[in-house]
Amino acid sequence: MPGRTVRVRGLPAQLPPDRLADKLTIHFLRSRNGGGEIAEVRVLPGPPPCALITFEALEVAQRILKAQNHVLSIGGKNYPLEVTAHVVELSPDEVARSRRLLPA
């Protein structure tokens, strides 16, 4: 799913992961936030916690990355979010495997 996944930081640590995933889903589904259909939301434990959000369409992820200010509002508090492109890091075995597949 390269290009369709963004990493979100700045999440409140006190919320349970399932509630945080629900709040992120609502925020990033909204068109006013540049959002759209979501394939998956994964909350990764911290500290500090972060989330990986995979969108159905590449264009949605690109719009999300271009938007300047993402603020998650929960219980009257605002949490400024840092949204960046998610880059998958390959293990040494995966790098070696991919090199064998490439023509010399």
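Strands S4 and S5 pair in the antiparallel sense over five bridges, where helices (H or I, at least four residues) and strands (E, at least two) are DSSP runs numbered from the N terminus, and where two strands are said to pair if DSSP finds at least two bridges between them. The structure is a predicted model, in which local features need pLDDT of at least 70 and side-chain atom pairs count only at pLDDT 80 or more, while totals for chains, interfaces and linings use all residues. Residues are numbered from 1 along each chain as its sequence is written, and side-chain values use heavy atoms, with hydrogens and water left out.

The protein has three helices and five strands, which run in the order β-α-β-β-α-β-β-α from the N terminus on. Among contacts, that is, heavy atoms within 4.5 Å, with a separation of 6 or more, 60% join residues 24 or more positions apart.

Within the hairpin formed by S4 and S5, two residues lie between the strands, and Gly 75 in the turn has a positive phi of about 55 degrees. The bridge partner of Leu 72 in S5 is Tyr 79. In a regular strand the side chains alternate between the two faces of the sheet. In S4, His 70, Leu 72 and Ile 74 form a covered face, whereas Val 71 and Ser 73 form an uncovered one.

His 70, in strand S4, has a relative accessible area of 4% and is therefore buried. Its side chain reaches the backbone oxygen of Ile 64 at 3.1 Å, which falls under the definition of a polar contact (a pair of N or O atoms within 3.5 Å; within protein, one must be able to donate a hydrogen and the other to accept it, and residues adjacent in sequence count only if both atoms are side-chain atoms). Beyond its neighbours within four places in sequence, His 70 is in contact with residues including His 27, Phe 28 and Tyr 79.

A nonpolar core is a set of buried Ala, Val, Leu, Ile, Met, Phe, Trp, Tyr and Cys residues joined through side-chain atoms within 4.5 Å. The largest one holds 19 residues, of which Val 8, Leu 24, Phe 28 and Phe 55 touch the most other members. At least two residues of this core come from each of S1, helix H1 (17–29), strand S3 (50–55), helix H2 (58–66), S4 and S5. In H2, Val 60, Ala 61 and Ile 64 are buried; they lie on the same side of H2 because they cover an arc of only 100 degrees around the axis, the arc being that of the directions from the helix axis to the C-beta atoms.

The structure holds one aromatic pair. Since the rings of Phe 28 and Phe 55 have their centres 6.4 Å apart and their planes at 75 degrees, the pair is edge-to-face (rings of Phe, Tyr and Trp, the last by its six-membered ring, pair if their centres lie within 6.5 Å, with planes under 30 degrees apart counted as stacked, over 60 as edge-to-face and the rest as tilted). Both Phe 28 and Phe 55 are buried.

Arg 7, in strand S1 (residues 5–9), counts as buried because its relative accessibility is 18%. A polar contact of 3.2 Å joins its side chain to that of His 86.

Terms used: Buried means under 20% relative accessible area, exposed over 50%, partly exposed in between (1.4 Å probe, protein chains only).
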